[in-house]
Amino acid sequence: MTKRIFNFSAGPATLPLEVLQHAQAELLNFNDTGMSILEISHRSKAYEEVNAEAEANMKELLGLGDDYRVLFLQGGASLQFSMIPLNFLAPGQTADYILSGAWSEKALKEAKLVGETHVAATTAEENYKRIPSLDEIKLSSNPAYVHITSNNTIFGTQWADFPSFGDIPLMADMSSDMLCRPFDASKFSLIYAGAQKNLGPSGVTVVVIRKSLLENNPKTVPTMLRYDTHAKNDSLYNTPPSFGVYMVNLVLRWIKANGGLAGMEKHNTEKAQLIYDAIDQSGGYYQGHAEKDSRSLMNVTFRLPNEELEKAFAAESTKAGLNGLKGHRSVGGLRASIYNAMPREGCQALRDFMLEFQRKNG
Ligand SMILES: *Cc1c(COP(=O)(O)O)cnc(C)c1O
């Protein structure tokens, strides 16, 4: 095997090596079927077991019981931007959005196509360098739901504590930090995540939904865009992204075997600390984009003294086997995406590279 490098890409992103090896080992003959998981019917017993285990593992990791379902859908997190208002924003109602980055803006844009919306808080004017504080949030009088983005992949910010708004359903895009740490999932009526950042390969979107939300989906919403369709059919209404669900299940097993969400938090905190320390101890050579109390465990964004140095950093780090560090154009600079599957050694290698780069060019 050629050497694997450290992949800091924002998504699709690095997957646990053990998961890839497991999938490789059973690729030609899945569970004694004599067929690959890629070739078997989604109506087969072998696939139904994968589908059911994935739902059970997700609920177990989130500590959720019978009042929740886990769905495996297609269309990415981006389709959830539309499905949520289509199913839960009725005429005459208002949906509240807290804007903490570019993905929240996109979610809002789709809701506006469906009904009335209200921006309950935003840090856009500060180029999203922080999460709004609780006292900045001003809800509309009776919102149908409140939507947040738990981790802002592009800006490198993350909610430290989640807000609660009593009986108002709270919905979250957790695409880039789902299962990175323990949290009270029962606060949320709906959580969604495109799998390709922290949960598996692209092509499958995980939706965790409180069952009571499945009761009144308006009958005018097209069948494929209704949550109740997918819940009633255990995510098997039509052909599911079966390989993706299989991979997500392997990732869930890997998380369980590595200490669950508490294990992930410990591992992720130590990893992120290595890089944030390199920033904080650089005497201003490296400048973090996020304010300290809004820093993300998953995406570390930082700038260098000028763009030329940033280009050199990106090019030289790639040569050194640290891939995908070029930042998003709306922040500039560099971004290290260090999801659950990024090993500690990867963060150590980046920290060492940062120290050496500053020594040579600082
Ligand atoms: C990547 C990302 C998305 C977009 O996901 P798709 O699956 O490509 O639609 C949405 N929200 C957040 C927070 C993301 O990081």
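## Ligand shell

Which helix gives the most residues to the shell around the ligand? Helix 3 (residues 76-88) does, with four residues; helices are DSSP runs of H or I with at least four residues, numbered from the N terminus. This is a predicted model: local features need pLDDT of at least 70, side-chain atom pairs need 80 or more, and totals for chains, interfaces and linings use all residues. Residues are numbered from 1 along each chain as its sequence is written, and side-chain values use heavy atoms, without hydrogens or water.

In total, 13 residues surround the ligand, each with a heavy atom within 4 Å of it. The closest are Ser78, Thr153, Asp173, Gln196 and Lys197. The shell divides into three nonpolar, eight polar and two charged residues. Here Ala, Val, Leu, Ile, Met, Phe, Trp, Tyr, Cys and Pro count as nonpolar, Asp, Glu, Lys and Arg as charged, and the others, Gly among them, as polar.

## Polar contacts

Polar contacts are pairs of N or O atoms within 3.5 Å. A polar side-chain atom of Thr153 lies 2.5 Å from a ligand oxygen. For the Ser78 side chain, the distance from an N or O atom to a ligand oxygen is 2.6 Å. Ala77 uses a polar backbone atom, 3.0 Å from a ligand oxygen. The protein covers 87% of the 390 Å² of accessible area that the ligand has on its own (Shrake-Rupley method, 1.4 Å probe).

Key:
A polar contact is a pair of N or O atoms within 3.5 Å; within protein, one must be able to donate a hydrogen and the other to accept it, and residues adjacent in sequence count only if both atoms are side-chain atoms. Helices (H or I, at least four residues) and strands (E, at least two) are DSSP runs, numbered from the N terminus.
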